[in-house]
Amino acid sequence: VVHNPFAAALEFSWDNTPVVEVLGLRDSGLEQAPQRLQQAHQLQQLDLSFNQLHTFPESILQLPQLQHLYLANNRLMTLPEDWTPLTNLTALYLDNNPLKALNDCFEPLTKLQTLSLAGISLQTLPECLATLPALTTLNLHGTNLTPQRVPSLLLEMEARGSLKIYW
């Protein structure tokens, strides 16, 4: 944590708190997620955007009710190999992170409707994105990707109107 006056408060026990469904720690100077984050079992929305996270917080994988995850504008280089614990995730924002590639690990995210990858220097997208049944919005604005470098199944989904791709 970098000069965050609330850093100590983030490490309290969640055991005796009311149910927390939304937690916004946007622009808090965090270099890592709070250690006790995984105790917020009912958390549905988490915003860790505009921080200094270098690695994906593994504690997020302990949040089975999570639906909206905002990790934009951090320093993430890699993502988890297994998204299975986050099967309720409907929106994932990874914009402006220094990710170089996405692995084929998104299959468990069957409820994912929105995936935002704006500003990431990707060379290609995994084919598995076309198999996500709920995906309706894919933000590729400001990436290196062109229609020629996107899986054809995603382009077919866009042509049918089932997927909106923002270039």
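Reply: Let us begin with the rule for ring pairs: the rings of Phe, Tyr and Trp (its six-membered ring) pair if their centres lie within 6.5 Å, with planes under 30 degrees apart counted as stacked and those over 60 as edge-to-face. By this rule the count here comes to three aromatic pairs, and please keep in mind that the model is predicted.

Me: Which geometry does the pair of Phe56 and Trp83 have?

Reply: A pair of aromatic rings is described by the distance of the centres and the angle of the planes. Phe56 and Trp83 are 5.4 Å apart centre to centre with 70° between the planes, and the pair is edge-to-face. This pair links distant parts of the chain, with Phe56 in the loop between strand E2 (45–47) and strand E3 (68–70) and Trp83 in the loop between E3 and strand E4 (91–93), 27 residues apart.

Me: Are Phe56 and Trp83 buried or exposed?

Reply: Buried means under 20% relative accessible area. Phe56 has a relative accessible area of 5% and is therefore buried, and Trp83, with a relative accessible area of 0%, is buried too.

Me: How are the rings of Tyr70 and Tyr93 arranged?

Reply: Their centres lie 4.7 Å apart and their planes are at 10°, so the pair of Tyr70 and Tyr93 is stacked. Here too distant parts of the chain are linked, since Tyr70 belongs to strand E3 and Tyr93 to strand E4, 23 residues apart. Tyr70 counts as partly exposed because its relative accessibility is 21%, and Tyr93 is partly exposed with a relative accessible area of 23%.

Me: Which residues do ring pairs link into a cluster?

Reply: The cluster consists of Phe56, Trp83 and Phe106, linked by ring pairs. A ring can also have a charge over it, as at Tyr166, where the charged end of Lys164 sits over the ring, 5.2 Å from its centre.

Me: Where does Thr143 lie, and what does it touch?

Reply: Thr143 lies in the loop between strand E6 (137–139) and helix H1 (152–160), and with 13% relative accessibility it counts as buried. A polar atom of its side chain lies 2.8 Å from the backbone oxygen of Leu140. Not counting residues up to four places away in sequence, Thr143 touches Leu117, Ala118, Gly119 and Ile120.

Me: How many helices and strands does the protein have?

Reply: The protein has one helix and seven strands, and from the N terminus on its elements run β-β-β-β-β-β-α-β. Of its 167 residues, 44% count as buried.

Key. Residues numbered from 1 in each chain as written. Predicted model: local features only at pLDDT ≥ 70, side-chain atom pairs only at ≥ 80, totals over all residues. Heavy atoms only, no water. Helix = DSSP H or I, 4+ residues; strand = E, 2+ residues; numbered from the N terminus. Buried < 20%, exposed > 50% of the residue type's maximum accessible area, 1.4 Å probe, protein only. Polar contact = N/O pair within 3.5 Å; in protein donor to acceptor, adjacent residues only side chain to side chain. Contact = heavy atoms within 4.5 Å. Lys NZ or Arg CZ within 6 Å of the ring centre and 35° of its normal.
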